[in-house]
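Open the model in your viewer and keep the selection tool at hand. The tour goes from stop to stop, and each stop says what to select and what is there.

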Amino acid sequence: MRGYRTSVRETVVIGDVHGCGEELRLLLARIDRVAPRARVVFVGDLLTKGPRPDLVVSEILARREAGADIELVCGNHEPRALEALMRAGPDAELELLPPRLAEMVDILADEDMLDDAIALMREALCTNVLRGPQRRWAVVHGGVDPRLGLDRTPPRRRVTIKGAPGEVDWWWSYDGSDGLLVVGHKPLASPLVLRRADGRAVVVNVDTGCVYGGALSAYRIEQDSIVSVPSRQRGDRSLRSRLSIRPATSAWQWADGAPVRRRAG
């Protein structure tokens, strides 16, 4: 692994990993090639659901040991992951946990990574929103209530806000006053980049459903570009139809990545 001792050149935001450790290794290797020494921000939902949460933990720790700048943002799965990890021990009754959480705990226990995973979850829980310089951009797991803006949206709502199937997503009503928002949480068939009329990105969703057989994606903020690797997980056909419905009244006329399904106002 190359060293990371020089100054940070750019920020790269990685979408929901969900325990897909092999894909994370591949994505980080690709990021190393195109954005060496970048600051890496994880948008949340690091460990649950996927088959290799141990690789996620070990990759973050190894890169930090090498000097990498890595920051964690809280997702909606971090609190439940931490609660499950705290139950682990000789007398743990893991059968009381949902199967995927129990599997996560088992894998991390087998690799002697429980303490490291707990530390990462606690760290993530401390950051509900990560803001960029001069508040030009922010990383938040779910998003904002467009009526309230980023500061006034309750912390829990920032983590959990998501349009249900058939509903219009919050980003189509966002007025752009909080700058560029980079989010995850709602898996789409492809990365979604919404733009102003002058082409500047205003919302980016980098959750492309890696754990559902889609891809693991990242957004290079300064370069305004996407980096992705295909998932190695079993495919969920429903992911192909997960598109964002744009109402005719939205100010955001341009969308890159996922096809945009139009909807009459």
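Select residues 114–125, which form helix H5. This is a predicted model. Helix H5 has 12 residues and reaches 17 Å from its first C-alpha to its last. That span is close to the 16 Å expected at 1.5 Å a residue.

Stay on H5 and colour its buried residues: Leu114, Ala117, Ile118, Leu120, Met121 and Ala124. Look along the axis. These residues cover an arc of only 165 degrees around it, so they lie on the same side of H5.

Next, select Glu59 and Arg25 and show their side chains. The two meet in a salt bridge, with N to O at 3.3 Å. Glu59 lies in helix H2 (residues 53–65) and Arg25 in helix H1 (residues 21–34), so this pair ties together parts that are 34 residues apart in sequence. Is Glu59 buried or exposed? With a relative accessibility of 7%, Glu59 counts as buried. Arg25 is partly exposed, its relative accessible area being 41%.

Arg63 counts as buried, at 7% relative accessibility.

Now move to another pair: select Arg195 and Asp224. Their side chains meet in a salt bridge of 2.7 Å, N to O. The pair links distant parts of the chain, 29 residues apart. Arg195 is in strand S7 (residues 192–195), while Asp224 sits in the loop between strand S9 (215–220) and strand S10 (225–230). Arg195 counts as buried at 10% relative accessibility, and Asp224 counts as partly exposed at 30%.

For the next stop, select Arg25, Asp32, Glu59 and Arg63 together. Salt bridges that share partners join these residues into one network.

Finally, show the whole structure again. How many salt bridges does a search of the whole structure find? The search finds 16 salt bridges, among them the pair Glu59 and Arg25 and the pair Arg195 and Asp224.

Terms used: Residues are numbered from 1 along each chain as its sequence is written. This is a predicted model: local features need pLDDT of at least 70, side-chain atom pairs count only at pLDDT 80 or more; totals for chains, interfaces and linings use all residues. Side-chain values use heavy atoms; hydrogens and water are left out. A salt bridge is a side-chain nitrogen of Lys or Arg within 4 Å of a carboxyl oxygen of Asp or Glu. Helices (H or I, at least four residues) and strands (E, at least two) are DSSP runs, numbered from the N terminus. Buried means under 20% relative accessible area, exposed over 50%, partly exposed in between (1.4 Å probe, protein chains only). The expected span of a helix is 1.5 Å times one less than its number of residues. The arc is that of the directions from the helix axis to the C-beta atoms.
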